Amino acid sequence: MKYVPYLFLLCCCMPATIQAQDDYKSDSILRYSASEQYIDFLLSHPTLLWDSTQLKAFGVADLHYLSKRNDFRTAQTEREQQTAAFAARGYNKIGSRVYVSGSFQFRKSWQDSLAYALRGPQLDGMPTYYFVPKAGTFERQVYQATAHVGYALKPDKWRADLQMDYLHHWATRSVDPRMEHYTMQLVLKPSLSYRHGTLQTTVQGIWGYANAQTNLSYKHTPYTFGNAFPEYHYRTSYGYGNISLALDSSDMRQYDHYKGLALLGKTRKANWEVLWHGEYLKTQQNSTNDQRRMVDYYVKQRFSLDAFRVSIFGIQHQINPLAIRLAAEHKQGEDFHGNMRRKNYVLKQSRALIGFTKTLQSESRLPKEFGMETIITYDERTDGSTNHYMQRSWMDVGVPLALTYVLPSENRIRWAFRPSYRIALRNELNIPSTQLNVFSTGIAYPEHYHYGTNALSLQTRLAYIDRASMKNYTIGWYVDFGWTRPANYRGEIYPGTQHYSGNNTAWQLGINFYL
């Protein structure tokens, strides 16, 4: 089974063409943000790729190196990180009835000065993990692959698809306590699509599982006991303030199960095409120190998470394309604590996005783009046993801009620029003085300061797209730069807590191969 993603990706990245319809430029994916967003939506939901779309086949490979420094951050964010990554994705049609698509990503990361997070790629808000105040260096290796195949049961009417998503994450830490973490995740998405004219409707099922294991060990024995080095003593988090001070002697094992349903579709009228995706996903995570192969094993904490997602993308296929994006997500979760034999931790998270992108003077030597994006985020967490309560929300407003210069050789120089400003809307943290612990002072309060601070950010990309050097392929070189400057925090800094302040910078060098 492990070779299936490679076979699908090989088919998807065969020499590709983009067929033009009406006034839609065949090379617009390399030219306009609206078209890039359109292709990204289709490749993210490959069941929507059918003969009615402009995209007949496509492939792109990306190789990049990223370096960033975070002085303005939460306690569970690294100060420095370097990442080397390779990724590829594509789509193709084989014969008259078979559709294949796939993606592959491998990245290697080195993190420095990361504390309070001895864990793998858990979703934000998941309660069960190890943490330690002592910062350390981490090395992470991530492999992700998606393989998809579709078959037209009745051409232009019915189609069956199967998508498989695979993730493997490995991480290690070189400072006591020394962590070794493994995660393996597999998700299957079978679907059935029906098309009537320009209207397509897809019903998709979701089923999957994941296994994770976290091992901790000490090289220097004096760090494991006594009060001389308390910053080296790791704890187990069971919520938002509910922690275990005892050092567990066994490895932590976590078993996730995923079940869900998705509805997808698209339609076209005149020059407008609208695509949509709605999804419900239920995740249940069992955390234990025992092995699943045992007849009976003790679940220390069970956490159930319900997630609802919807996204709508509309594009006007014309000389100067216009794209509109709408997205919303809501998550609600609660636990069952094995020792307390009751519910203790409750999580609520919501996010909404609205944005548009418009292209001007696309047929000139100097096409221009502008747009606007607004993102609103809400986060609420309640821990009953320790009376920790947090509620925060913020809004990010961005203005994406882009300018392209078309050279006589049809090569292009493109500059994209996105200033944005984050505004704290609500920032509440209630912790009784009698319930203060290392989680409160080390994690909760630094988060409170971070999300209660407004911040200005700038992201920019300078790219050179070379269409002339190679006959059948296009190469794109790019460099990214990001910068964030927070405003002054206007609240009270409580004694014994940490406030992470300063500017953030990030830069990335990369090359794209359009196949």
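# Exercises on strands, cores and a surface patch

In β10, isoleucine 243 is the bridge partner of serine 237. The exercises below use this predicted model.

**Exercise 1.** Find the order of the strands in the open sheet that holds β10, and state which strands stand at its edges.

*Solution.* 
- Step 1. Strand β9 (residues 235–238) is joined to β10 by two bridges, and the two run antiparallel.
- Step 2. The open sheet has three strands in the order β4-β9-β10, with antiparallel pairing.
- Step 3. β4 (128–131) and β10 (243–244) each have a single partner strand, so they stand at the edges and one side of each has no neighbour in the sheet.

**Exercise 2.** Decide whether serine 311 is buried or exposed, and list its contacts beyond four places in sequence.

*Solution.* 
- Step 1. Serine 311 lies in strand β13 (residues 299–316).
- Step 2. The relative accessible area of serine 311 is 15%. Buried means under 20%, so serine 311 is buried.
- Step 3. Leaving aside neighbours within four places in sequence, serine 311 is in contact with Phe41, Leu275, Trp276, His277, Leu326 and Ala327.

**Exercise 3.** Describe the largest nonpolar core and name the element that gives the largest share of it.

*Solution.* 
- Step 1. This core has 26 residues, and those touching the most other members are Tyr38, Leu42, Leu43, Leu48, Phe58, Leu275 and Phe313.
- Step 2. Two or more residues come from each of α2 (33–44), β1 (58–70), β8 (199–217), β11 (252–269), β12 (272–288) and β13.
- Step 3. α2 gives the largest share, six residues.
- Step 4. Another core, of 23 residues, lies apart from this one; Tyr116, Tyr240, Tyr345 and Met390 are among its members.
- Background: in soluble globular proteins, nonpolar side chains tend to be buried together.

**Exercise 4.** State which residues form the nonpolar surface patch, then examine tyrosine 405 and phenylalanine 481.

*Solution.* 
- Step 1. The patch consists of Tyr65, Leu366, Leu403, Tyr405, Ile413, Trp415, Leu462, Val479, Phe481, Trp507 and Leu509, and together they have about 950 Å² of accessible area.
- Step 2. β18 (401–406), β19 (412–430), β21 (474–486) and β22 (504–514) are the elements giving two or more residues to the patch.
- Step 3. Tyrosine 405 is in strand β18. Tyrosine 405 has a relative accessible area of 39%, which lies between the cut-offs of 20% and 50%, so tyrosine 405 is partly exposed.
- Step 4. Phenylalanine 481 is in strand β21. Its relative accessible area is 42%, and phenylalanine 481 is therefore partly exposed as well.
- Step 5. Beyond four places in sequence, phenylalanine 481 is in contact with Leu458, Gln459, Thr460, Ala506 and Trp507. From phenylalanine 481 to alanine 506 there are 25 residues in sequence, but 5.6 Å in space, C-alpha to C-alpha.

Definitions and conventions
Residues are numbered from 1 along each chain as its sequence is written. This is a predicted model: local features need pLDDT of at least 70, side-chain atom pairs count only at pLDDT 80 or more; totals for chains, interfaces and linings use all residues. Side-chain values use heavy atoms; hydrogens and water are left out. Helices (H or I, at least four residues) and strands (E, at least two) are DSSP runs, numbered from the N terminus. Buried means under 20% relative accessible area, exposed over 50%, partly exposed in between (1.4 Å probe, protein chains only). Contact means heavy atoms within 4.5 Å. Patches are made of residues with over 30% relative accessible area and no salt bridge: like charges are joined within 9 Å, nonpolar side chains (Val, Leu, Ile, Met, Phe, Trp, Tyr) within 5 Å. Accessible areas come from the Shrake-Rupley method with a 1.4 Å probe; for residues, only the protein chains shown count as cover. A salt bridge is a side-chain nitrogen of Lys or Arg within 4 Å of a carboxyl oxygen of Asp or Glu. A nonpolar core is a set of buried Ala, Val, Leu, Ile, Met, Phe, Trp, Tyr and Cys residues joined through side-chain atoms within 4.5 Å. Two strands pair if DSSP finds at least two bridges between them.
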